[in-house]
Protein chains: 2
Amino acid sequence: MALGGNPFLHPEKRPHVEGDFKREEVALANRNSGLPLEALRHDLTPVGLHYLLVHFDIPYVASADAWTVRVGGRVSTPLEVSLAEIARLPQRTLRVTIECAGNGRARLNPRSQSQPWEDGAVGTAEWTGAPLRHLLERAGMAADTIEIAFLGADRGFDVGIEHDYGRSLAPDLAMSDDVLLVHAMNGRPLLPQHGFPLRLIVPGWYGMASVKWLSRIEVLDRPFDGFQQVGTYIYRRQRDDAGVPVTHMRVKSLMVPPGIPDWYTRRRLLEHGPVELRGRAWSGGGVPVANVEVGVDGEWQEATLDPDAGNYAWRGWRFTWDATPGEHELVCRATDAAGQVQPLEAPWDSGGFGNNAVHRVAVTVR
Amino acid sequence: MALGGNPFLHPEKRPHVEGDFKREEVALANRNSGLPLEALRHDLTPVGLHYLLVHFDIPYVASADAWTVRVGGRVSTPLEVSLAEIARLPQRTLRVTIECAGNGRARLNPRSQSQPWEDGAVGTAEWTGAPLRHLLERAGMAADTIEIAFLGADRGFDVGIEHDYGRSLAPDLAMSDDVLLVHAMNGRPLLPQHGFPLRLIVPGWYGMASVKWLSRIEVLDRPFDGFQQVGTYIYRRQRDDAGVPVTHMRVKSLMVPPGIPDWYTRRRLLEHGPVELRGRAWSGGGVPVANVEVGVDGEWQEATLDPDAGNYAWRGWRFTWDATPGEHELVCRATDAAGQVQPLEAPWDSGGFGNNAVHRVAVTVR
């Protein structure tokens, strides 16, 4: 439902911008949270440091007791299921790295006006819940099912369109054992900002698929046409391209910036001598990371990978560099088992999605 | 220690700016975290939503077991104390609202180039630890003590000056029962980003006084001259004024923005009819909030206060507004028991400190 003619609700698309940042971009950066890159040291992202992108408001849910999720549409038995019932289904815990599809948007030029992420929109947690398929089997999907839509309790506007946040999945993926109805994160009930009391987790995909505050599941005999599915999260070379939907995470790596920072510029200073560089690498769709290279002033060497932590979790890497006095550029670049490699320059995208360019860190050594 | 001549570490003061925001400001807004204002609904700020300002990097501390805090300088018995010893001292739990001194900086014009907070740099938690005075009594402060300095494990540069984050207190305040050596937040060990494993909490003061990752306490026979004490956190009408140190929080209130938002502009839309407006109000130095007024299109009425939650915690307020279709401006304004009242316009400050202007929320009612 569009709110026609209301100038405050931005019925028009926002133009691309260059250079300095708009007040609205800063307000979003204040509300949403990036991972401070030094927290890449932790295998599991500490509570409160996992990246957070909330499109509308965090719903206020005083207690999980009254929460239900409804399953409707093309099913033989419509359901309304409590949290207690979901907790009685078979449970799984998966370690999953989730990245925001817009991570790196602020490095594009020109850029889409949206949350101006630089590098930090990523995190890793252990998510516990029931495979979605148990609920779908109980409801009985019709043979003509094309998609399953997932709607959250969060509601608002984007480009003039009022909607509940919603996304959809194809039936094959929805019936995978790895797509979970999650009620716990790192062994504790979900925090309000991570979807309390119930959310979807779609491992291997960018974060937009993992609908928070899940309240409705709709089985459809047609593609879902909600705004978050067809109006955004589309790779487009130009604004009016048909484009390609954003799905799996692209291969990527990040580095813990070594040394100590300047408060304002975040420029790094470190002492000369051997320094262990560390970081994380991941890819999407369950494809493992094959290797990570570290480039020092343009010369590449292979990093050592930490033990594998599962199909969906980032992998640690380390590399000892003998730092010499002066100015240097450190770069990390991951390649996955499908042979996909991070590009040296950011792939431009109209909506600012999927920027998996290599991570560059400038340092001064004394 | 200045790093002379290194252009990357900003040895010069940064000029004030107007209008759009610098890339460095956005990078800080991504790293640091503001409270999303809808989370003002919670008496205690949910874990991970408390505001967070980290000057340098969050130190990586794998375990609290080896952590000690040293007490030195003008004492009869220098100490090196473990966490276990601090936990054996008498313990207190205080509910404390902490606001960043720079909250509201982004609303000043021109503004200091720093973390560009709008409204969200505030939060409330229950902090548990030992009153600092027990440690100071054990060490035995000299009669000529002027100040006590507190140094964290976080180190970096600001305006070319390399330093450990450090702040100081006068002996009278340091010996108060309310200044705590804190190891737990909301009943759990501190999170890395909130100072794990040990921090200071100075209730009633802006957040810069509550030193995180506390590792050294120095009793001094002179005023502490660390950068965070004398180089910043000073109210100045002009850049070169001697100025007045930032100490207690100024009286302030915020409102949960009613209705639903637009993703990008955060403009609010709500339905006509009665709506309960809610928010929080606080003041500094243990002074209670006396009243909160709500202004609708310039007409002020008194809000109802929730029960008092202690000398140092924000106080809830609520006000039922009969919303009529159209455009409106909602404002909240608190007055404290000392008669201090929030100004209608932001008090300009060179460093962007202490902006306690009233909170204004523009809404569209349909």
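Author: Before we talk about a rotation axis, here's what stands behind it: the copies are superposed by least squares on the C-alpha atoms of residues with pLDDT of at least 70 in both. And keep in mind that this is a predicted model.

Reader: Fine. Which residue of chain A comes closest to the rotation axis?

Author: That's G48(A), whose C-alpha sits 1.8 Å from the axis.

Reader: What makes the relation of chain A to chain B that of a two-fold axis?

Author: Look at the superposition: chain A goes onto chain B by a rotation of 180 degrees, with 0.0 Å of shift along the axis and an RMSD of 0.0 Å. That is why the relation is the one of a two-fold axis.

Reader: How do you know which surface each copy uses to meet the other?

Author: Compare the two sides: 98% of the interface residues of chain A are also interface residues in chain B, so the copies meet through the same surface.

Reader: How many residues are in contact across the two chains?

Author: 56 residues of chain A and 55 residues of chain B. To count, two residues need C-beta atoms, placed from the backbone, within 7 Å. On the chain A side, the elements giving two or more residues are α1 (23-31), β5 (147-158) and β14 (260-261). Of these, α1(A) gives the most, with seven residues. By class, that side has 27 nonpolar, 14 polar and 15 charged residues.

Reader: Now inside one chain. What makes up the domains of chain A?

Author: The domain assignment gives domain 1 (7-244) and domain 2 (252-365). Over C-alpha atoms, their centres are 27 Å apart. Domain 1 of chain A brings 32 residues to the contact and domain 2 of chain A brings 26. On the domain 1 side, β3 (92-99) and β11 (234-235) of chain A each supply at least two residues, and β3(A) gives the most, with four. That side has eleven nonpolar, ten polar and eleven charged residues.

Reader: What is the peptide bond from N109(B) to P110(B), cis or trans?

Author: Cis, with omega near -5 degrees. P110(B) is in the loop between β3 (92-99) and β4 (122-131) of chain B.

Reader: And what about the bond from F196(B) to P197(B), cis or trans?

Author: Also cis; here omega is near 5 degrees. You'll find P197(B) in the loop between β8 (188-189) and β9 (199-201) of chain B.

Reader: What makes W213(B) worth a mention?

Author: Its phi is positive, about 50 degrees, although W213(B) is not a glycine. W213(B) has its place in the loop between β9 and β10 (214-220) of chain B.

Key
Residues are numbered from 1 along each chain as its sequence is written. Chains are lettered from A and ligands numbered from 1 in the order in which they are written. This is a predicted model: local features need pLDDT of at least 70, side-chain atom pairs count only at pLDDT 80 or more; totals for chains, interfaces and linings use all residues. Ala, Val, Leu, Ile, Met, Phe, Trp, Tyr, Cys and Pro count as nonpolar, Asp, Glu, Lys and Arg as charged, and the others, Gly among them, as polar. Domain bounds come from an automatic or database domain assignment.
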